[in-house]
Amino acid sequence: MDLNAVEQLKKVLSSITIEKDHIIYEEGEPIGDGYILSLGKVQLFKSTSDGRLAEKQTISAMQVFGVWNSILGNNVRLFTAKALEKSSALIIPKATLEKKLSTLDPFLRLLFRQALSNSENFGSL
């Protein structure tokens, strides 16, 4: 996502400041809002069979996170998201995300789901 797109989104989306080590959401929670990280870093974790948290992906500025559950059709969060440093993010309201996805061509939705399911981070879901 480029800086111009983020600047346009700042005009219509709310923003939050996230303190270092703050858990933004936890794996297993009901799906909710998505985020566009505008500053900082966020780590996504997935629980392992022995109860540890495995690092899956580091989110950097201008990346989107917390939206893939809606695309995959899941009702719960697949990862735990934790701020690695003081960060800020734009909030994509759950209702907005669902509205946009409802108008997505079914073929494209299928392609997104398949690509995400086959990716390294989502493959074991």
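At 26% relative accessibility, Lys82 is partly exposed, a label for anything between buried (under 20% relative accessible area) and exposed (over 50%), taken with a 1.4 Å probe on protein chains only. This is a predicted model, where local features need pLDDT of at least 70, side-chain atom pairs count only at pLDDT 80 or more, and totals for chains, interfaces and linings use all residues. Residues are numbered from 1 along each chain as its sequence is written, and side-chain values use heavy atoms, leaving out hydrogens and water.

So who does Lys82 pair with? Its salt bridge (a side-chain nitrogen of Lys or Arg within 4 Å of a carboxyl oxygen of Asp or Glu) goes to Asp21, with the closest N and O atoms 3.9 Å apart. That pair links distant parts of the chain: Lys82 sits in strand 7 (residues 80–83), while Asp21 is in the loop between strand 1 (15–18) and strand 2 (23–25), 61 residues apart. Strands here are DSSP runs of E, at least two residues long, numbered from the N terminus. Asp21 is partly exposed too, at 44%. Lys20 joins in as well, linked with Asp21 and Lys82 in a network of salt bridges.

## Lys46 and Glu27

Another salt bridge brings together the side chains of Lys46 and Glu27, at 3.2 Å from N to O. Lys46 lies in strand 4 (residues 41–47) and Glu27 in the loop between strand 2 and strand 3 (34–39), so the pair ties together parts 19 residues apart in sequence. Lys46 is buried at 17%, whereas Glu27 is partly exposed at 26%.

## Out in the open

Arg52 and Asp50 are both exposed, and their salt bridge has its closest N and O atoms 3.1 Å apart.

Note on methods. Helices (H or I, at least four residues) and strands (E, at least two) are DSSP runs, numbered from the N terminus.
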